[in-house]
Amino acid sequence: MAVREIVRMGDPRLQRQAQPVTEFATAALSELIADLQDTMQAQGGVGIAAPQIGVDLQVVIFGLTRSERYPEAESVPFTVLINPQLTQLGEEEVLGWEGCLSVPGLRGEVPRWTQLRYQGFDQFGAPIDRTVSGFHARVVQHECDHLWGVLYPQRIRDLQRFGFTEVLFPTLPD
Ligand code: NI
C-alpha cells in the first residue's frame, strides 16, 4: 500500500483507452486498489481512476461520506468499479462544478447525464448493476471518462465557467 504520484493533464497516459481487467481477485488487483485508496485519501479526493497513477487498466474507485472538496455533495457509497459500462437513462443533463486530482487547483462547470445505469465488476469479479442520479451519477461519469482518455475540461461547454478554485470558491481546498 502506498500513496502514488498522480499523473497530471498533458501526460499521454491520461489520453488512452484503458485495458479491461481479465483476472479478478488477484494480489496485484488488491494492491492496485489499496494504492488507489491511499492516494485518493491523501489528496482528499472523492474518486480516482487507475490511469491517474499511470496504470493502464479499467479500474476506478469512488465514494464519500463528507468531502471538504465538495461540501454540498450527498454521500456516495464506497465502490470499486472495474470494466464499467455506462448507459444514459432519459435525455436530461445537468451542469455541475467538478475538479480533478490530475488538474490541480482548477474547477469547471461540466454537463453530465442526470440519470445513469452503470454496470461492471468489483475486485472479486462480482457483478455491479446500479441506477443512480445526482452527484453519484456525476462522479461515476467523471471517473469512467478517465478510462476513455477524457478529462473534464474537454467536456466544458462554456469556458468562462472554468477557473482557479481559489478564485471561484475561496473557501474550498484545491
Ligand atoms: Ni478526475
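Strand 3 (residues 76-98) and helix 2 (134-147) each supply at least two residues of the lining of the second largest pocket. Strand 3 gives the most to that lining, with three residues. The model is predicted. Strand 2 (residues 59-64) is largely enclosed by the rest of the structure, because six of its six residues are buried.

**Second largest pocket**
- The volume of the second largest pocket is about 200 Å³.
- Its lining has 13 residues, and the closest to the centre are Tyr70, Glu72, Trp97, Arg107 and Phe135.
- Eight of the lining residues are nonpolar, one is polar and four are charged.
- Phe135 also touches Val46, Leu64, Tyr70, Ala73, Glu74 and Val76, leaving aside residues up to four places away in sequence.

**Largest pocket**
- The largest pocket holds about 320 Å³ of space.
- Of its 17 lining residues, Met40, Gln41, Gly44, Gly45 and Gly63 are the closest to the centre.
- Helix 1 (27-43) and strand 2 each supply at least two residues of this lining.
- Helix 1 gives the most, with four residues.
- This lining divides into five nonpolar, eight polar and four charged residues.

- In strand 2, both faces are covered.
- Val59, Ile61 and Gly63 are buried on one side, and Val60, Phe62 and Leu64 are buried on the other.
- Strand 1 (residues 47-49) runs antiparallel to strand 2, and three bridges join them.
- Ile61 of strand 2 is the bridge partner of Ile48.
- Strand 3 also runs antiparallel to strand 2, with five bridges between them.
- Leu81 in strand 3 stands opposite Val60.

**Nonpolar cores**
- The largest nonpolar core has 20 residues.
- Phe62, Leu81, Tyr118, Phe135 and Val140 have the most contacts inside this core.
- Strand 2, strand 3, strand 4 (106-121), strand 5 (127-133) and helix 2 each give two or more residues to the core.
- Helix 2 gives the most, with six residues.
- A second, separate core has 16 residues, including Ile6, Leu32, Met40 and Leu101.

- Met40 belongs to the second core and is one of the residues closest to the centre of the largest pocket.
- Gly63 is buried in strand 2 and is also among the residues closest to the centre of the largest pocket.

Methods:
Residues numbered from 1 in each chain as written. Predicted model: local features only at pLDDT ≥ 70, side-chain atom pairs only at ≥ 80, totals over all residues. Heavy atoms only, no water. Buried < 20%, exposed > 50% of the residue type's maximum accessible area, 1.4 Å probe, protein only. Pairing = 2+ DSSP bridges. Core = buried A, V, L, I, M, F, W, Y, C linked by side-chain atoms within 4.5 Å. Contact = heavy atoms within 4.5 Å. 1 Å grid on protein atoms, 1.4 Å probe; cavity = no way out; pocket = protein on both sides within 12 Å on 5 of 7 lines; lining within 4 Å. Points joined across faces, edges and corners; volume = space filled by probe spheres on them. Nonpolar A, V, L, I, M, F, W, Y, C, P; charged D, E, K, R; others polar.
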